[in-house]
Structures are given as structure tokens and as C-alpha cells.
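Here is a friendly walk through one protein model, written for someone who likes to know the cut-offs behind each term. Please keep the viewer open while you read.

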Amino acid sequence: MAYANNSLATQQQKAPFSVIISSPNYQEMLSRTVQDEKKRQHFVTSIITAVSENERLGKCEAQSILSAGLKCLNYNFYPGGDTGDVYLVPYGSKCTFQLGYKGLIKLAQRSGVVKALNMDVLREGETVV
């Protein structure tokens, strides 16, 4: 009997992320967390795409993927894509959120505190004036 339960747990862990996030429990939690229907649908689509494009993300726990994806929404970004704003980074079986340098720039611009932002390559021996 215990073997049957372990077998079921293993099968559930191997289910694709798109199936897991579509389950009623996850959908209910997402509807409570992200009330705007369009934003929620965009989020689900973008996180499923991000996971399907990265094999290592597909091996991460669904809960950690969702948690990292929701952190993206906290900063008003969507997970995945090639924008360089945010990244979902797999570390073993956990997925973590990482803010990219382009995301930092956008956050600075959104804040209204930063007046101007200049970027350039700085090589060894050069100084900033």
C-alpha cells in the first residue's frame, strides 16, 4: 500500500508544469493572488512558456517556480521572455527569482527619483569622469 502512494507521488512530481499549474488548487490560489483576469492569464501563459523553454526549470518543484514567477509580478514584470528584466533561475530542484540589470534600470526609471541614467562599457584602466 505504501508503495502505491510513493508511486503516485512520483508520477505527480513528473507531471509537466503546464498540467500542475492548470490544476484546480493552483488556479484557485492564482485567482486569489492575481485578481485581474487578463493579468492572470498573461502570467500563466508566460510562466508556462518560460518553463517549457528551459529544460532545467521543468525539473524544479512547481511551488518554487510559481513563487519565483509571482515575485516577478511584484515588480510588475512577467517571467520569461528575452527582455532581460527578470530571470527564473534553476538551482537544483528549486527555482529562484533574479532581477536582471534591465529590470533594475526600469525600476529606477519608474521610481521617478532617477533623473538620468547613463551606461557604457568600462574597461580596465579607464576612469569615470
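What follows covers a hairpin, its neighbouring helices, the salt bridges and a surface patch.

This is a predicted model, in which local features need pLDDT of at least 70 and side-chain atom pairs count only at pLDDT 80 or more, while totals for chains, interfaces and linings use all residues. Residues are numbered from 1 along each chain as its sequence is written, and side-chain values use heavy atoms, with hydrogens and water left out.

Helices (H or I, at least four residues) and strands (E, at least two) are DSSP runs numbered from the N terminus. Let's start with strand β1 (residues 86-91), which pairs with strand β2 (residues 94-99) in the antiparallel sense over six bridges; strands pair if DSSP finds at least two bridges between them. Val86 has Leu99 of β2 as its bridge partner. Two residues lie between the strands of this hairpin, and Gly92 there takes a positive phi near 65 degrees.

Helix α7 spans residues 101-111, with Gly103, Ile105 and Ala108 buried. Here, buried means under 20% relative accessible area, exposed means over 50%, and partly exposed lies in between (1.4 Å probe, protein chains only). What do the buried residues of α7 pack against? They pack against β2, where contact means heavy atoms within 4.5 Å.

Ser64 sits in helix α6 (residues 62-74) and is buried, with a relative accessible area of 10%. Leaving aside neighbours within four places in sequence, Ser64 is in contact with Ser93, Lys94 and Cys95. The side chain of Ser64 also reaches the backbone nitrogen of Cys95 at 2.9 Å.

**Salt bridges**

Side chains of opposite charge can pair when their charged atoms come close. A salt bridge is counted when a side-chain nitrogen of Lys or Arg is within 4 Å of a carboxyl oxygen of Asp or Glu, and by this rule the count comes to five. The table lists some of them.

| Salt bridge | N to O distance |
|---|---|
| Arg40 and Glu37 | 2.1 Å |
| Lys59 and Glu55 | 3.8 Å |
| Lys94 and Glu61 | 2.9 Å |

Lys94 is partly exposed at 42% relative accessible area, and Glu61 is partly exposed at 35%. Lys59 and Glu55 are exposed.

Arg40 is found in helix α4 (residues 37-53). Why are Arg40 and Glu37 separated by about one helical turn? Because they are three residues apart in helix α4. Is Arg40 buried or exposed? Arg40 counts as buried, at 9% relative accessibility, whereas Glu37 is partly exposed at 41%. Not counting residues up to four places away in sequence, Arg40 touches Leu30, Ser31, Val34 and Gln35.

**A nonpolar patch**

Tyr101, Leu104, Val113, Val114, Leu117 and Met119 make a nonpolar surface patch of about 630 Å². Patches are made of residues with over 30% relative accessible area and no salt bridge, with like charges joined within 9 Å and nonpolar side chains (Val, Leu, Ile, Met, Phe, Trp, Tyr) within 5 Å. The areas come from the Shrake-Rupley method with a 1.4 Å probe; for residues, only the protein chains shown count as cover. Val113 lies in the segment after α7 and is exposed, with a relative accessible area of 72%.

Key:
Polar contact = N/O pair within 3.5 Å; in protein donor to acceptor, adjacent residues only side chain to side chain.
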